Amino acid sequence: MTKAIVIDKTGGPDALQWKDIQVGEPGEGQVRIRHTAIGLNYIDVYMRSGLYPIPMPGGLGLEAAGVIEAVGSGVSHVKIGDRVAYAGGPPGAYAETRVMPAIPLVKLPDNVSDQQAAALLLKGMTVQFLIRRTYKVKAGETVLLHAAAGGVGLIACQWLKALGVTVIGTVSNEEKAALAKANGCTHTVLYTKENFAERVRELTNGAGVPVVYDSVGKVTWEDSLSCLQPLGLMVSFGNTSGPVPPVNIGQLAAKGSLFVTRPALATYTAKPDDLQATAADLFDAMASGKVKAEIAQTFPLKDAADAHRALEGSKTVGSTVLIP
Ligand SMILES: NC(=O)c1ccc[n+]([C@@H]2O[C@H](COP(=O)([O-])OP(=O)(O)OC[C@H]3O[C@@H](n4cnc5c(N)ncnc54)[C@H](OP(=O)(O)O)[C@@H]3O)[C@@H](O)[C@H]2O)c1
């Protein structure tokens, strides 16, 4: 018997229930893992609310770190006793112990603690693919990054600064602006007080930016397109304000022959080699000090509903970890 957060039907944070569950032995290609730290991510909110459908009743959560307790047949890249983390696979990370496929697991280097891994693996690998693969930023460029003081946002600010990129970051208040700046954001824009598209034009002397990293979705879509240079790339990678409404493709021509992509970490790490390389690049960035592994908030796992309220209410900054 183990304890886990279980969800029977979509809804608000109250849909999360702390329950006893049975955990069996791992089958072929599976492991049993005892979690020591669990990552909180906005995708957990989309899955809980029903925006991204998941099997119910079932578990929630895609990211955790812990120790391998048992290994099924056919698993070769991890063994019993290994310290590992993952950022993908079927939902169910909000549990003390679980059985899951071995494929998403990466071994943790000695210099990365379990809590740091749970705080950074999903968000840090997301930043890695966004700035090294979706659009490979170059030193001297200026980019627009929304939610700059959030979990993905603070990691992106740090990594982009280390690459010599000027970051214009949007935030909702002064405290978040100060935090984003302390993490490498060059210019902060308080979108609650000023129009961010106008500020981007001012800060770039009218030129606009070659890429926008937009995780806010519905409410920022139009103005984000207006921030782009001709042939610029709109990277729409989240829906914190709701999904982007159907797009008039002619608008992309009118605004300067723009490109749009809607990338997902799952695609960029679907091949085991890509997953291991993306994680290795993140761990290197952490080891070299380009990216700091900081945890801004922790909650007991049983209080995951409170963590969801904080994340959805824009009350969190940086990364949040649930402790089993
Ligand atoms: N595509 C992918 O593979 C991928 C992977 C990881 C994450 N993501 C996306 O990246 C985004 C960031 O994820 P995260 O876990 O690091 O969350 P987060 O950025 O820590 O939290 C969301 C932040 O978004 C901002 N925000 C703006 N409008 C909002 C609204 N209407 N409601 C709530 N928040 C709003 C808030 O910051 P302010 O108070 O400053 O506005 C809030 O703190 C999410 O959209 C997530 O889905 C995508």
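Mentor: For the naming, helices (H or I, at least four residues) are DSSP runs, numbered from the N terminus. Residues are numbered from 1 along each chain as its sequence is written. This is a predicted model, where local features need pLDDT of at least 70, side-chain atom pairs count only at pLDDT 80 or more, and totals for chains, interfaces and linings use all residues, while side-chain values use heavy atoms, without hydrogens and water.
Trainee: Great. How many residues surround the ligand?
Mentor: There are 29 (a heavy atom within 4 Å counts as near), and the closest are Gly151, Ser172, Lys176, Tyr191 and Leu265.
Trainee: Which helices each supply at least two residues of that shell?
Mentor: Helix 1 (42-49), helix 2 (114-134), helix 3 (151-162) and helix 10 (304-312). Helix 2 gives the most, with 3 residues.
Trainee: And which polar side-chain atom lies 2.5 Å from a ligand oxygen?
Mentor: One belonging to Tyr191. An N or O atom in the Lys176 side chain is 2.7 Å from an oxygen atom of the ligand, and Ser215 has a backbone N or O atom 3.0 Å from a ligand oxygen.
Trainee: How much of the ligand does the protein bury?
Mentor: 89% of the 910 Å² that the ligand exposes when taken alone (Shrake-Rupley method, 1.4 Å probe).
Trainee: New topic: which residue does Tyr94 touch among the histidines?
Mentor: His308; the residues Tyr94 touches also include Ile5, Leu40 and Leu322, leaving out residues up to four places away in sequence. Contact here means heavy atoms within 4.5 Å.

Notes: Polar contact = N/O pair within 3.5 Å; in protein donor to acceptor, adjacent residues only side chain to side chain.
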